[in-house]
There are 4 protein chains.
Amino acid sequence: MEKIDLAKLEQKVASIWDDVLTNSPFIHEIMSGKATKALYAIYMIETYHYTKHNAKNQALVAVMGNDLPGNYQSYCFHHAHEEAGHELMALSDIRSIGFDGDAVLASKPLPATETLIAYLYWISATGNPVQRLGYSFWAENVYGYIDPVLKAIQSTLNLTPQNMKFFVAHSVIDDKHADEVNEMLEMCCKTQDDVDAVTAVMENSLVLTARILDDVWKEYQLFQSGESDRYAFLRTNA
Amino acid sequence: MEKIDLAKLEQKVASIWDDVLTNSPFIHEIMSGKATKALYAIYMIETYHYTKHNAKNQALVAVMGNDLPGNYQSYCFHHAHEEAGHELMALSDIRSIGFDGDAVLASKPLPATETLIAYLYWISATGNPVQRLGYSFWAENVYGYIDPVLKAIQSTLNLTPQNMKFFVAHSVIDDKHADEVNEMLEMCCKTQDDVDAVTAVMENSLVLTARILDDVWKEYQLFQSGESDRYAFLRTNA
Amino acid sequence: MEKIDLAKLEQKVASIWDDVLTNSPFIHEIMSGKATKALYAIYMIETYHYTKHNAKNQALVAVMGNDLPGNYQSYCFHHAHEEAGHELMALSDIRSIGFDGDAVLASKPLPATETLIAYLYWISATGNPVQRLGYSFWAENVYGYIDPVLKAIQSTLNLTPQNMKFFVAHSVIDDKHADEVNEMLEMCCKTQDDVDAVTAVMENSLVLTARILDDVWKEYQLFQSGESDRYAFLRTNA
Amino acid sequence: MEKIDLAKLEQKVASIWDDVLTNSPFIHEIMSGKATKALYAIYMIETYHYTKHNAKNQALVAVMGNDLPGNYQSYCFHHAHEEAGHELMALSDIRSIGFDGDAVLASKPLPATETLIAYLYWISATGNPVQRLGYSFWAENVYGYIDPVLKAIQSTLNLTPQNMKFFVAHSVIDDKHADEVNEMLEMCCKTQDDVDAVTAVMENSLVLTARILDDVWKEYQLFQSGESDRYAFLRTNA
């Protein structure tokens, strides 16, 4: 009865993505063929920053949670292991298009990125331990929504798969991961509170991720106009 | 040289508040004399939720931080002690206008409130230990900005100081606290990184707080239209 | 120069074990053929309790550590995954000799066990992130030392491998793990501080584990004399 | 009925102290008038190390605990505030008898000290939030037991109160604190589990503290014999 309705959850994901893809000026810029290497790089820098924490907050669920259902503890550690180091693909992609990787390592995340990171640790360390699956639910199944955006970037910037390793790798891995997430959701969601917690985290983590796009866009404009030196290192290719 | 410029910091606060007070539909509703007890209650429920964590995340700064400058460790514990239990004033205010306090205790924070809570723990537990002062800087000095809003609520709803204990108490306490925060900022901010970290947390925590107003407004409309039963207990006075 | 000398580290382990095996009254009882099912069970209950935390504190190293060397982050999550759920083997062993597993689940660890658990979280969450390898170093390579003790228990109590799954499984798994630990130690120990931290944790975690044997022995005597009802459930076979 | 019996708890404290004072070679050395400045210093270095964490783990109880009874949250932050910085008195005492304070700051705690620190964080962060009062119960009421030991040190080494600020200050403060702890225990202990948890932490934290005396004694012998250079800086007065 309280079993989670994955189709319904997917509809909510789709509805939020629809809103994002329709209203995000960052997405519009890309879809209009106006992406630049700097825009792609700023986005990948933020991707680097939050991805660096994903294996950690994934493992944290099982570090903090007691008596997790079935093999959920094992899943969390296994999935953390699989996600470990993926930020290095984002870093490699940025380097591959000619930018200074050390400057990326020295950079700080934008406020929206810091907020997503904070939120994912919070919902991993406290509350219903099942709820982080709400993040994985959409994050491991993102390509149906953003594929046109990635294709537009690739085409506009003439990128090869070597410049987009982060997305290429994930589009492959995530199919398997999405199946595992669905299986875990079916196994772990036993009460209405489980379903509500998963749904809340799905919605909020997706909304907070969309805000990163807004922050990237805002910073990109400051970069373009010369008002901000935050990304000065993107003015010269390495 | 790297000394923090408190006047400049205050200007940034003022500029964000200006934006919030100008653009928030929640604020507009109140300033137009259309506040209802339910709207005030929904806002105070969220205030209850995040206030409950403020003493905790304040203390966390000194639990996690090593070799903090001067009496900053002592300040953090002292301030945590002074903030402890303040959420009970918010709860009392909600009860005082006829709503069911137990329903408040059983309620969950809205997504924007959960996000602020998460962010404040994150910036308290990690990063530059000085940075949480950026939150205190505006939060302990909020009345110059929101006083007209509080007056409008009071007047529209015919509230007595007994119905607004949370704000009455804080408007008094916070003068002292604001002085202490300024003193701590002068003492702790010794590098550009200190100043940047304080500024970033000031801006982001204020923006995330403003988003609570948006969430409250959205939920209030769902409440008014009957689309959501989240606050069903606000339909009947206790 | 600062490379860790694994042979020297092993000598220190051997010397501590020598002391423990020579002086522990718990070990003497077993080696004299006087082990009882209750004595074995009390020991396995404590094993259950601390094992329950080993995957967690292993993962915690990589959750808390930033910029860990090489594939050490990945190793921590992988090893946590491999250790997850091993406490269930200890529980199964206790059940298999006729005792009430639910009573084990409801039991609390003895003070020495609680202390080891506390210590392992502490050295995993703080200090040199490499240091937990000092625990793994001896813990994954324990059978050379305790094999005669296990054989004595098995023989005295007529146990089958089904009653000793925890030890049988680990004696197999741990060979592989010990190799991995050695490899990690060679890779991660780059400074004298790394070597010192690993050595300190090796020594202290082994000493704290030996104290569990003392606590088990003390409780066993209280159990035998009837002075304590802590393990009343071991008086009746399920 | 489940009210805590403070007299009975005190009897248990007395019995553990009796054992420690009777059997500790460290205590014997001092009571035989053979204390040296180096012995006092080594002990005070360990005191410095664990005291540095006491305010932190005290506050942690209220950071981690939800819905603590009565004013227990407030008490934790208040007491943390009062304990903050007390390690500096220990440091000052060491300096006052001619030793190098910077070497103390650079030193690492002995294994037994690290273990006590780890244990206090663990019982503060997890389990029954009331249980840390079991540590305060004996720690704030220690002078009846150790006064003869302090007097012997003072007399043997011709120390003035300026050389023993840590103990002089605490002997005054702790009377007030002990009353507050008793009051909190009466207020917070409502179930048998509360009483058991407090008792367990009282016993174990006192035993772990006594082990510091043993570690100090062992290191002192290595220092005297020249086998260890850990405290080389105690060979020359500053």
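Chain A is superposed on chain C by a rotation of 180° with 0.0 Å of shift along its axis, at an RMSD of 0.0 Å; copies are superposed by least squares on the C-alpha atoms of residues with pLDDT of at least 70 in both. The two copies are thus related as by a two-fold rotation axis. Within chain A, the C-alpha nearest that axis belongs to A:F77, 2.8 Å from it.

This is a predicted model, in which local features need pLDDT of at least 70 and side-chain atom pairs count only at pLDDT 80 or more, while totals for chains, interfaces and linings use all residues. Residues are numbered from 1 along each chain as its sequence is written, chains are lettered from A and ligands numbered from 1 in the order in which they are written, and side-chain values use heavy atoms, with hydrogens and water left out.

**How the chains meet**

- Of the interface residues of chain A, 100% are also interface residues in chain C, so the copies meet through the same surface.
- Chain A and chain D do not touch, and their nearest C-alpha atoms are 10 Å apart; contact here means heavy atoms within 4.5 Å.
- Chain B and chain C are likewise joined by no contact, their closest C-alpha atoms lying 10 Å apart.

**The interface of chain A and chain B**

- Chain A gives 14 residues to this contact and chain B gives 14 residues.
- About 1200 Å² is buried between chain A and chain B, and carbon and sulfur atoms give 63% of that area; buried area is the accessible area (1.4 Å probe) that two parts lose on being put together, summed over both.
- Eight residue pairs, both at pLDDT 80 or more, are in polar contact between the two chains. A polar contact is a pair of N or O atoms within 3.5 Å; within protein, one must be able to donate a hydrogen and the other to accept it, and residues adjacent in sequence count only if both atoms are side-chain atoms.
- On the side of chain A that touches chain B, the elements giving two or more residues are α7 (111–125) and α11 of chain A. Helices (H or I, at least four residues) and strands (E, at least two) are DSSP runs, numbered from the N terminus.
- The most is given to that side by α7(A), with eight residues.

**Salt bridges**

- Over all chains, the structure holds 36 salt bridges, a salt bridge being a side-chain nitrogen of Lys or Arg within 4 Å of a carboxyl oxygen of Asp or Glu.
- Two salt bridges are found across the interface of chain A and chain B.
- One salt bridge links B:K108 and A:D193, at 2.6 Å from N to O. B:K108 lies in the loop between α6 (101–106) and α7 (111–125) of chain B and A:D193 in helix α11 (residues 192–225) of chain A, so the pair joins two chains.
- A:D193 counts as partly exposed, at 35% relative accessibility; buried means under 20% relative accessible area, exposed over 50%, and partly exposed in between (1.4 Å probe, protein chains only).
- In chain D, the side chains of D:E180 and D:K176 form a salt bridge (3.5 Å, N to O). These residues are four apart in helix α10 (residues 165–188) of chain D, and are thus separated by about one helical turn.
- D:K176 has a relative accessible area of 41% and is partly exposed.
- In chain A, salt bridges that share partners join A:E82, A:K176 and A:E180 into one network.
- D:R95 pairs with D:D102 in a salt bridge whose closest N and O atoms are 3.2 Å apart, and D:R95 is partly exposed at 39% relative accessibility.

**Helix α7 of chain A**

- The 15 residues of α7(A) reach 21 Å from first C-alpha to last, close to the 21 Å expected at 1.5 Å a residue; the expected span of a helix is 1.5 Å times one less than its number of residues.
- Helix α7(A) is mostly covered, with 12 of its 15 residues buried. Among them are A:T113, A:I117, A:Y121 and A:W122.
- The cover over these buried residues includes α3, α8 (133–139) and α11 of chain A, together with α3 (37–64), α7 and α11 of chain B.
- Just after α7(A), A:G127 takes a positive phi of about 75°.

- A:H49 is found in helix α3 (residues 37–64) of chain A and counts as buried at 8% relative accessibility.
- Leaving aside neighbours within four places in sequence, the contacts of A:H49 include A:V104, A:K108, A:T113 and A:I117.
- D:V172 lies in helix α10 of chain D and counts as exposed at 60% relative accessibility.
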